[in-house]
Amino acid sequence: MDCDKCGTDAVTHLAYSGLHLCEGCFTQSVEKRVRKRIREDGVVPDDATPEDPDTWVIGLSGGKDSVVLTKILHDTFEQDPRIELIGLTIHEGIEGYRDESVDACVELADDLDLRHELVTYEDEFGVQMDDVAEDDPEGMAPCAYCGVFRRDILERYADELGADKLLTGHNLDDEAQTALMNFLEGNPRQIAKHFDASLGGFDDRETQETFVPRAKPLRDVPEKEVALYAHVENLPAHITECPHASEAYRGEIQELLLKLESNHPGTRHSIMAGYEQLAETAADSLRDGVDDLGECDRCGAPTDRDVCRKCYLVEAVDGEVPAR
């Protein structure tokens, strides 16, 4: 098939739009959507200056999503002195899998001349995910531990690096899955929190000072298009599933959405269009001010408990009997 934009050989067909696109027109399409999302969400503040730039920490895992996000952000803002980019990579201690993805992060950072920071679970918590997955002291899926540890590092290091924003590579599939899960769980307050945490534009969210605000510039781009972009641009992405991945419920939602998208192209976009409106309405109705958080007795992190979830799990992995 020929590209509907320029007439050269097409490399993909976007079923939800009907377009056939060549390599060049396809990559331009992805980049255009990312830049549009950045504009619409107001990610670049009006008061950013070369003397006082906005610092963005990118969660750079080495997977296709974070690598593509980093490349597009670099190409967009490399010559803009108002924006400073920093890549933050976390090594969880997963032999083979994370070693290769860290190599991809280092290669990309070197290619782009990007400041790059590497943090490990071993150094931060004295644990490695391979051991955590094997011991499993709380009887949970490995992702449950890893998600808590990862969020702690991302939030803490974003703050330490002076970040104004924390950017992650969540794509359209990721966000549509989360939207459907939140709806099926019947928790309007969680939907409201999703809006204020990362979904709404920066002018529409509730202001809070506890955590570095997040942005997801890839959230309009389907997962398969992110993978194709990485391939077309020959990016050093490590496209392999984590050996400990076991989010069973999300996996069911993923399969459901893929089937719906195959039968009804555009389903993911429709879900997000409605969900964003619903989330904003929920946020406007259910906001009750900034959460009244105290400090963890162990590490001082913001929490509504005496001991934060991260410290509780670290103590459990270490064989201690933590206080809840």
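Asp54 is found in strand β3; strands here are DSSP runs of E with at least two residues, helices are runs of H or I with at least four, and both are numbered from the N terminus. The model is predicted: local features need pLDDT of at least 70, side-chain atom pairs count only at pLDDT 80 or more, and totals for chains, interfaces and linings use all residues. Residues are numbered from 1 along each chain as its sequence is written, and side-chain values use heavy atoms, without hydrogens and water.

Asp54 counts as buried because its relative accessibility is 8%. Buried means under 20% relative accessible area, exposed over 50%, and partly exposed in between (1.4 Å probe, protein chains only). The side chain of Asp54 makes a polar contact of 2.8 Å with that of Trp56. Such a contact is a pair of N or O atoms within 3.5 Å; within protein, one must be able to donate a hydrogen and the other to accept it, and residues adjacent in sequence count only if both atoms are side-chain atoms.

In soluble globular proteins, nonpolar side chains tend to be buried together. A nonpolar core is a set of buried Ala, Val, Leu, Ile, Met, Phe, Trp, Tyr and Cys residues joined through side-chain atoms within 4.5 Å. The largest one has 36 residues, and Trp56, Val68, Leu73, Leu85, Leu218 and Tyr229 have the most contacts inside it. Elements giving two or more residues to this core include α1 (23-40), β3 (54-59) and α2 (64-77). Its largest share, 6 residues, comes from α2. Leaving aside neighbours within four places in sequence, Leu85 is in contact (heavy atoms within 4.5 Å) with Trp56, Ile58, Leu73, His74, Leu114 and Arg115. Another core, of 33 residues, lies apart from it; Phe125, Leu161, Val212 and Tyr312 are among its members.

Now the charges. The structure holds 26 salt bridges, each a side-chain nitrogen of Lys or Arg within 4 Å of a carboxyl oxygen of Asp or Glu. In one of them, Glu92 pairs with Arg98, with closest N and O atoms 2.5 Å apart. Both Glu92 and Arg98 are buried. Arg156 and Asp152 form another, at 2.8 Å from N to O. These two are separated by about one helical turn because they are 4 residues apart in helix α6 (residues 142-160).

Glu315 forms a salt bridge with Arg298, also with closest N and O atoms 2.5 Å apart. Glu315 lies in helix α12 (residues 309-317) and Arg298 in the loop between β8 (294-295) and β9 (302-303), so the pair ties together parts 17 residues apart in sequence.
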